Amino acid sequence: MTGSPPLSDEPLSDEPLARTPCVLLLAAVCEVIAHTRCDLTTEVATQDGIQAALRGEEVGLAVEISREHRLGPGDRPDFLIDGRIVVEVKGRRHRGPAVLRQLERYAAHPQVEAIVLATSRAMTMPAQIGGKPVRVLNLGRAWL
């Protein structure tokens with residue numbers, strides 16, 4: 001079990017997402033990332049692709065997207081969406097236990113309401129960390 005939500009073909013709501021409950025914004029973020037064909041050669045290239053998709057005209061989210069946002073000393077997730085959803089990108093070389101420890105640190109911050117792990121390798125995580133929902137997205141699936 002990866003903790004990832006099932007993808008649907010239903011369109012996202014036309015309502016602005018900035019004031020929506022976290023679970024709806026989380027689903028929208030996951031939907032955009034899961035369907036984005038990113039360059040997976042490096043983490044920076046993957047991050048660039050995800051950022052472009054999240055801000056894109058076709059499916060871009062009307063929320064604040066902060067890259068390399070500092071949550072605290074040593075805690076700098078790849079993205080912080082709407083000040084409350086962490087998106088962390090990991091490539092092939094990262095191992096589950098180290099990534100879990102990193103996500104546990106992020107979940108300990110009160111402003112973090114949910115976590116998305118976008119990875120180019122098969123990886124499992126708990127469905128919740130610190131009582132906060134976690135979604136794992138395999139970025140290679142968008143290329144199938």
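The paragraphs below go through a predicted model, starting with the whole chain and ending with single residues.

The protein chain contains three helices and six strands. Followed along the sequence, these elements come in the pattern α-α-β-β-β-α-β-β-β. The protein chain has 144 residues, and 48% of them count as buried. Among the contacts with a separation of 6 or more, 55% are between residues 24 or more positions apart.

The sheet comes next. Strands of a sheet pair through backbone hydrogen bonds, and the pairing can be parallel or antiparallel. In this model, six strands form an open sheet with mixed pairing, in the order β1-β2-β3-β4-β6-β5. The edges are taken by β1 and β5 (128-129), and each of these has a single partner strand, so one side of each has no neighbour in the sheet. Further in, β3 and strand β4 (residues 114-119) run parallel and are joined by six bridges.

Two helices lie across this sheet. Helix α1 (residues 22-34) lies across β2, β3, β4 and β6 (132-138), and runs at about 10° to β4. Helix α2 (residues 43-55) lies across β1, β2, β3 and β4, and its direction is at about 165° to β1.

A pair of packed helices is described by the angle between the axes and the distance between them. For α1 and α2, the angle is about 125° and the axes are 9 Å apart. Because angles from 65 to 115 degrees count as roughly perpendicular and those over 145 as roughly antiparallel, this value makes α1 oblique to α2. The crossing of α1 and α2 is right-handed. Where they meet, α1 contributes Val29, Val32 and Ile33, while α2 contributes Ile50, Ala53 and Leu54.

Glu88 is part of strand β3, and its bridge partner in β4 is Leu117. Is Glu88 buried or exposed? Its relative accessible area is 2%, and because buried means under 20%, Glu88 counts as buried. The side chain of Glu88 has polar partners. One of its polar atoms lies 3.1 Å from the backbone nitrogen of Asp78. The side chain of Glu88 also makes a polar contact, at 3.2 Å, with the side chain of Lys90. With neighbours within four places in sequence left aside, the residues in contact with Glu88 are Arg76, Pro77, Asp78, Gln102, Leu103, Tyr106, Val116, Leu117 and Ala118.

Two loop residues complete the picture. Glu68 sits in the loop between β1 (65-67) and β2 (79-81). Its phi is near 55°, which is a positive value in a residue other than glycine. Glu68 has a relative accessibility of 33% and so counts as partly exposed. The next loop, between β2 and β3 (85-90), holds Asp82. Phi of Asp82 is also positive, near 55°, and Asp82 is likewise a residue other than glycine.

Terms used. Residues are numbered from 1 along each chain as its sequence is written. This is a predicted model: local features need pLDDT of at least 70, side-chain atom pairs count only at pLDDT 80 or more; totals for chains, interfaces and linings use all residues. Side-chain values use heavy atoms; hydrogens and water are left out. Helices (H or I, at least four residues) and strands (E, at least two) are DSSP runs, numbered from the N terminus. Buried means under 20% relative accessible area, exposed over 50%, partly exposed in between (1.4 Å probe, protein chains only). A polar contact is a pair of N or O atoms within 3.5 Å; within protein, one must be able to donate a hydrogen and the other to accept it, and residues adjacent in sequence count only if both atoms are side-chain atoms. Contact means heavy atoms within 4.5 Å. Two strands pair if DSSP finds at least two bridges between them. Axes are lines fitted to C-alpha atoms, for helices over the stretch in contact, and angles run from 0 to 180 degrees between N-to-C directions. Angles under 35 degrees count as roughly parallel, over 145 as roughly antiparallel, 65 to 115 as roughly perpendicular and the rest as oblique. A crossing is left-handed if the near helix is turned anticlockwise from the far one by less than a right angle, and right-handed if clockwise.
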